[in-house]
Amino acid sequence: MITLLPRFEYNKPRNLEEALEILEKVKPNYRVLAGGTDLLLEMKFKTRYPANTIVDISKLNELRYVRNRDSHIAIGSMTKVEDLKNSEIIKRYLPILAEIASEFGTWQIRNMATIGGNICNASSSADYLLALLILDAELNILSLTKKRHIKSEPFINEGREAVKPGELLAEITIPKLSSNVGTSFLKYEGRNVSSIPILNTACLLELEDHTIKDVRIALGAVEHLPRRLRPVEEKLKGLSVRDKDKVDKVLQTIPSLINPKSGVVASAEYRRAMSYVFVKRAFSQALERCS
Amino acid sequence: MTALEYASILDKVINSSEYLVVGKKVARVDSLEKVTGKAFYTADYMLDNALNVLVLRSPHPHALIKRIEIGETAAKNVVITAADIPGVNEVGYYIPDQPLLVDKKARYVGDAVALVAAQTIEEAAKSLEDINVEYEVLPALLDVDESLRSKDVRIHEKGNIAGVVRVRKGDVNKAFSEAKVVVDNVYKTGYQDHAYIEPEAAIALPEGDNKLLVIGTTQNPFRTRDVVAKVLGWNNSRVRVVVPYIGGGFGGKDTMGPLLCAMVALVAAKTNQPAMLEFTRADSLKYHFKRAPFKIHYKTAADKTGRLLAVEVDYTVDVGAYATQGLALMRRAAYHATGPYEIPCVKVDGTAVYTNKVPIAAFNGFGNPEMLFAAESQLDIVAEELGLDPVEIRVKNALVKGSRTGTNQLLDHSVGIRELIERVAEAANWRHKKTLCGISLNGKRYGIGIGCGWHGCGTTGVKQDWAGASVIINPDGSVIYRTGIVELGQGTHTGHAMMVAEVLGIPLDWIRVERVDTSSVPDSGETHAQRGIMIGGSAAVDAALRLRQRLVKLAAEILECSENDVVLRNGRVYVKDSQADGISFAALAKEMYMRGISPAEYGFVRARRGVPDPETSQGEPYAAYSFSCCIAEVEVDEETGTVEVKRLYTGVDAGRIMNPELVRGQLYGCAMMGIGFALTEKIELTKGGKIRNKGFGDYLILGTFDQPVFADPVYVEDPYLYSGFGVKGAGEVAMNATPAAIINAVKNAIGIRTYEIPATAEKIFFTLKERKSDV
Amino acid sequence: MERRIEFTLNGKRTTCVVPYNMTLLDMLRTKLRMVSVKKGCDSGDCGSCTVIVNNEPICSCLMLAVQVDGEEILTLEGLNRDRKLHPLQQTFMESHGMQCGICTPGFIMTSFALLQKNPKPTVEEIREALEGNLCRCTGYAQIIESVIKASKLMNTEV
């Protein structure tokens, strides 16, 4: 039997210019089809649907690129997750994005999903949102009439309202990490092959000798949206990494800071307890990579 | 003859050391179709003009149906409710407690209230939304203890107990009073979804005005035919059920098959148009019947040497809204409750309890993975108390030739468990690895554990166990083989074809195995309970042997030799030890036709078994038992509670192994399912009795990265005398041994035992935390 | 509400009129009778709907049919053109890489894509490539053995 999907109008712009024109014309009642891995699920299970029009940008290859721009890396929003996994530029300058790709879904999903789609869909476990949170990313958003840049944190705080009707996320730029910075990403699921995550976490650590100069910790899948654990970061800054007990004591405050949700894959209490465990592990890993 | 001493007959006609096909790792007979995409499953037989059927289901776990109001849109299409059922609205598998469509009340979230059908899926969906059912919500019983206690809420007219079983042998009280060690614990097992990659489906096509062809995902085509005919009010022969390839059954399509087939049949008969129904994965996960929870209070008594003196088991089976196969399942668990050991005193009391939740289905193991999880855990605990090694205590108590089971069945042959345990333990290097338990490896704790299993081959229950087959030799020597046993992936069609090829002396690829068709062979029972190769295959051998007798007689005439000197081998027919070429099998076949000697034969056999006493269950519930042993090596991350199964050793005594590579796959598949059952597969229900899981993203069956390293299986081939080539079933028994092996391994790794499965990481984490705070 | 699309299917130029709201999976099965492509979960988890689009394995249940306008699609039906079995088909048969067979088309297609990119994959690389294909019958061991054997066959054929 055929799978029932809602009816919609369909537009397939041939290039970016046309895409922006169409978005302007059909706004606000449209959805953008990028990779389709989230959108088609919503269509089938009617979670956030309906919309009248689908604008299919899945073949907009002009937005599919990874470019080395001296001080930062520019990633087109339609870059596939599999591209990030295999990109030499990413592996060299922003390895965390490749690590995230390695943990992202399955090969089939990675061939379809886009970084832009993952970010704009902004689910509670959106892996690339965690990356945005700990890197000083900037998002370039276009519409027919204007361009705007917005930093990752304000973007994420707006959740699904961040990209306004008629706008399209075109590019993400991320400054290259310096060599004394270590990053890590961990995803915890109930089995080894991809499934709904219990939690995911990303960590960035910058040391000066043995002192924590900068630390950024993002935690996802645990609450409604991923977020930075700022109170923990503040307490960690200035500590010596040799002071393992002190560091651990700070990390142990994580469970009390969060308000986890219950799901089939994990209860709130388990998420709470595991947040400490996995942030601790992510921190250790980032530390190893600092040298 | 009700029993054929196949071993002796076959030995006389074919020397087993010269088997051409039997015992070889030949490719499956259906493999070419499957690798080229030409193997058709039910949903692949779609018809453009078939009506799309959808099911309107109760959103309440327990509610009276006050009124069903059919709106205008719905009325334009087909709507069928209980009132529209022309025959009998009763489809209970073993007891008459289950309507196909709810008549007076719904008993679980998902209970089918009405069927809609329309030309397009869109119209069918609109119709579904246009039916307004007025429910009077009743209090729901979602817990077995609650259901047993409840005085006011009756899920069924007769109350909340679907049935009971008792096993009584010897004097357990005396044994317990004299025991050195008594171990007493309560074990719980959870729901499990079959998660076959092919969801359930059925298609019904009217043939003229009074006949129906039904194609469906069913493991019991004959029962399906009977259910469809009953619901339509027709006699059986008006319904023909054809079963294409099935994408995984595991028992689920045994229970569900007739239901979907009856639903589409209703629509097709009413409209005289083809009708199809395919469950979505979401529907299948939420509403199809499942392995159901057991709560087992298990007491074991042993003497100081570790000899088991008695077991006393008191358990409940949460059958949900309808008993379906739950009573037989409960009985199987009771008959196997001792584990594959000789225990003189046995007292088992099982109760099948109704609750307002998804009903029970048959599922790989059929009560044994649940019961043996308890039995095998107990054994490890007894061993620990006595300072005995877990392998040692099992070897000591294992059933042997001449033993009597808990139902006092004498096992006079084909009992390979003791040798199996020893060989699997050796393959796993158990003695050495046991000493490593508890050590830390990469921040994880290592453990090794053992579990054993057994499984009676043949349908549990009162009904006798029979099967039919048909063999037709074509004039060119090729053969058409038909069986009533379904090919679910377990390889029965390949196994049967191998048997026929060996008996007739022809190459395997000369045999065409036809699709299962209720109009082509006698009722052959269900494809379940490890009966497919043992009982079904025996029917194939029965037919082939009788044909062979005629062929040999004819060949002797043609070749002018004695019948004893005729050799049928690899498509040729010649005189033993002679230089002459002989003739081709094709020529012999042609000659049969020329001389009017029947080239076709039906086989029909009945298993050798009795009916256990209704009060004490003493008797012979099964013709033969297969045995299994599993040793699992695990690593436990104590910080998270995650258990990884790193290596797994498995073995069976399934009589003669027809195709070692095929059985190898069965063992590994069962092991994976057992690991899932023990660790990751969890069905979660809301307080309203609704299943929360949405799909394979949160119902965690295992994938490539979850696979342990599998050792080559150990086969102890202790042939069963009364089946074709001495085979016993191998499709379920490995599942029975796995969960306990894993939980025992976890205990040996972290020193803490879980008594409830699935032992998810979360569960282990909190158990560890709790126990640590006790210390 | 529908569009006429053109694409290459198993090496042949094909046109099809599809409603916008039809998945690629449904188009392949119902309009083009490529029934080797299976609907195991319809949510991208089981991989039984895997087909190759422009040399990449994807889940056809998560793509709209209209998205493949102008693309190249390969299904299992197209793997053995000219009646000659692809090495993967041969080894899956010989090594018992299937039981019920419902997941087999998906596994073979993903494996095919893997061997095109990586002719000599390690076991870990095979597991990773096949992460998105679920099997309930085999326990995976014989599937992986089939892929390894095929890779050996293909590397000696040259």
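Predicted model: local features only at pLDDT ≥ 70, side-chain atom pairs only at ≥ 80, totals over all residues.
Let me start with chain C, which the domain assignment divides into domain 1, covering 2-78, and domain 2, covering 87-156. The centres of domain 1 and domain 2 of chain C, taken over C-alpha atoms, are separated by 21 Å, and the contact draws 14 residues from domain 1 of chain C and 14 residues from domain 2 of chain C. Between them these two domains of chain C bury about 1200 Å², with 65% of that area on carbon and sulfur atoms.

What polar links cross this interface? Three residue pairs are in polar contact between domain 1 and domain 2 of chain C, counting pairs with both residues at pLDDT 80 or more, and one salt bridge is found across the interface. E56(C) forms a salt bridge with K117(C), and the closest N and O atoms of that pair are 3.5 Å apart. On the domain 1 side of chain C, strand 3 (50-53) and strand 4 (56-59) each supply at least two of the residues that touch domain 2 of chain C.

Turning to chain B, there is an open sheet of three strands in the order 4-2-6, with antiparallel pairing. Strand 4 (105-106) and strand 6 (131-137) of chain B stand at the edges and have a single partner strand each, so one side of each is left without a neighbour in the sheet. Strand 2 of chain B, residues 63-70, pairs with strand 4 of chain B in the antiparallel sense over two bridges, and K105(B) in strand 4 is the bridge partner of L64(B).

Is N397(B) buried or exposed? N397(B) counts as buried, because its relative accessibility is 1%, and the cut-off for buried is under 20%. The side chain of N397(B) reaches the backbone nitrogen of L308(B) at 2.8 Å, and, once neighbours within four places in sequence are left aside, the residues in contact with N397(B) include R307(B), P340(B) and Y341(B).

Finally, in chain A, the buried residues of helix 1 (residues 16-26) include L16(A), L20(A), L23(A) and V26(A). The buried residues of this helix pack against several strands of chain A, among them strand 1 (9-11), strand 3 (53-56) and strand 8 (168-175). At the N-terminal end, helix 1 of chain A is capped by N15(A), a side-chain oxygen of which lies 3.2 Å from the backbone nitrogen of E17(A).

Terms used: Residues numbered from 1 in each chain as written. Chains lettered and ligands numbered in written order. Heavy atoms only, no water. Buried < 20%, exposed > 50% of the residue type's maximum accessible area, 1.4 Å probe, protein only. Helix = DSSP H or I, 4+ residues; strand = E, 2+ residues; numbered from the N terminus. Contact = heavy atoms within 4.5 Å. Polar contact = N/O pair within 3.5 Å; in protein donor to acceptor, adjacent residues only side chain to side chain. Pairing = 2+ DSSP bridges. Domains from an automatic or database assignment. Buried area = accessible area lost by both parts, 1.4 Å probe. Salt bridge = Lys/Arg side-chain N within 4 Å of Asp/Glu carboxyl O.
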